Amino acid sequence: QVQLVESGGGLVQAGGSLRLSCAASGRSLSSYAMSWFRQAPGKEREFVARIYWSGEDTSYAASVKGRFTISRDTANNTVYLQMNSLKPEDTADYYCAARSRGSTQYVYWGQGTQVTISS
């Protein structure tokens, strides 16, 4: 089992920055892909970014590429999402999720952290 706990959400003005954290515990994550998703009010959940725990190869949604950076700290079992140049349309609940590299199904999810961007 893997437990994921997000933190770092909040209210910021457009153009500002936030860093989200996802603290992972439980089994080894060395063979996992870690991702951030978000869900805005009234909208479906969407993929934001992904990183393999081993560190190579990141992937981003087109809407955040160049503004968001996903990273991980293996010593602290934490995945980060640095969000810069935030826009009101980035307002959403952000979720951390994990899947086996050999699977497309995300089986572990955090409880989410709320991000609100004011214009």
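Which residues have the most contacts inside the largest nonpolar core? I put this to the predicted model before anything else.

**Entry 1. The core**

I found 31 residues in the largest nonpolar core. Those with the most contacts inside it are Leu 4, Met 34, Trp 36, Leu 81, Met 83 and Tyr 94. I then looked up which elements contribute: β1, β3, β4, β5 (46-52), β7, β8, β9 and β11 each give two or more residues to this core.

I took Tyr 94 for a closer look and set aside residues up to four places away in sequence. Tyr 94 touches Leu 81, Met 83 and Trp 36, which are also on the list of residues with the most contacts inside the core. Its other partners include Glu 6, Leu 20, Phe 37, Arg 38, Val 48 and Phe 68. Gly 112, Thr 113 and Val 115 are also among the residues that Tyr 94 touches.

**Entry 2. The four-stranded sheet**

I traced an open sheet of four strands in the order β1-β3-β8-β7, with antiparallel pairing. Its edge strands are β1 (2-7) and β7 (68-73), each of which pairs on one side only. From one strand to the next, the twist averages 15°.

I followed the pairings of β8 next. Strand β3 (residues 18-26) runs antiparallel to strand β8 (residues 78-83), and six bridges join them. Along this pair, Leu 20 stands opposite Leu 81, and Arg 19 stands opposite Gln 82. β7 and β8 also pair in the antiparallel sense, over six bridges. Here I noted that Ile 70 stands opposite Leu 81.

**Entry 3. Ser 21 in β3**

I looked up Ser 21, whose place is in strand β3. Is Ser 21 buried or exposed? Ser 21 has 16% relative accessibility and so counts as buried. Leaving aside neighbours within four places in sequence, I listed its contacts as Val 5, Glu 6, Ser 7, Trp 36, Thr 78, Val 79 and Tyr 80.

**Entry 4. The disulfide**

How many disulfides does the count come to? I recorded one disulfide. Cys 22 and Cys 96 form it, with their sulfur atoms 2.1 Å apart. The pair links distant parts of the chain, since Cys 22 is in strand β3 and Cys 96 is in strand β9 (residues 92-100), 74 residues apart. The torsion about the S-S bond is about -75°, so the disulfide is left-handed. Both cysteines, Cys 22 and Cys 96, are buried.

**Entry 5. Ser 35 in β4**

I turned to Ser 35, which lies in strand β4 (residues 32-39). Its relative accessible area is 1%, so Ser 35 is buried. With which residue does the side chain of Ser 35 make a polar contact? The partner is the side chain of Tyr 106, at 2.6 Å. Apart from neighbours within four places in sequence, Ser 35 is in contact with Phe 47, Ala 49, Arg 50, Tyr 95, Cys 96, Ala 97 and Tyr 106. Cys 96, one of these contacts, is a partner in the disulfide.

**Entry 6. Gly 110**

I located Gly 110 in the loop between β10 (108-109) and β11 (113-118). At 12% relative accessibility, Gly 110 counts as buried although it is in a loop. Its contacts, neighbours within four places in sequence left aside, are Leu 4, Glu 6, Tyr 95 and Cys 96. Among them, Leu 4 is one of the residues with the most contacts inside the largest nonpolar core. I also looked up the separation of Gly 110 from Arg 45: they are 65 residues apart in sequence and 14 Å apart in space, C-alpha to C-alpha.

**Entry 7. Positive phi values**

Which residue takes a positive phi in the hairpin of β7 and β8? I found Asn 77, with a phi near 50°, in a hairpin that has four residues between the strands. Asn 77 has this positive value although it is not a glycine. At 30% relative accessibility, Asn 77 counts as partly exposed.

Ser 85 lies in the loop between β8 and β9. Its phi is near 50°, again a positive value in a residue other than glycine.

Note on methods. Residues numbered from 1 in each chain as written. Predicted model: local features only at pLDDT ≥ 70, side-chain atom pairs only at ≥ 80, totals over all residues. Heavy atoms only, no water. Pairing = 2+ DSSP bridges. Axes fitted to C-alpha atoms, helices over the stretch in contact; angles between N-to-C directions. Buried < 20%, exposed > 50% of the residue type's maximum accessible area, 1.4 Å probe, protein only. Polar contact = N/O pair within 3.5 Å; in protein donor to acceptor, adjacent residues only side chain to side chain. Contact = heavy atoms within 4.5 Å. Disulfide = S-S within 2.5 Å. Core = buried A, V, L, I, M, F, W, Y, C linked by side-chain atoms within 4.5 Å.
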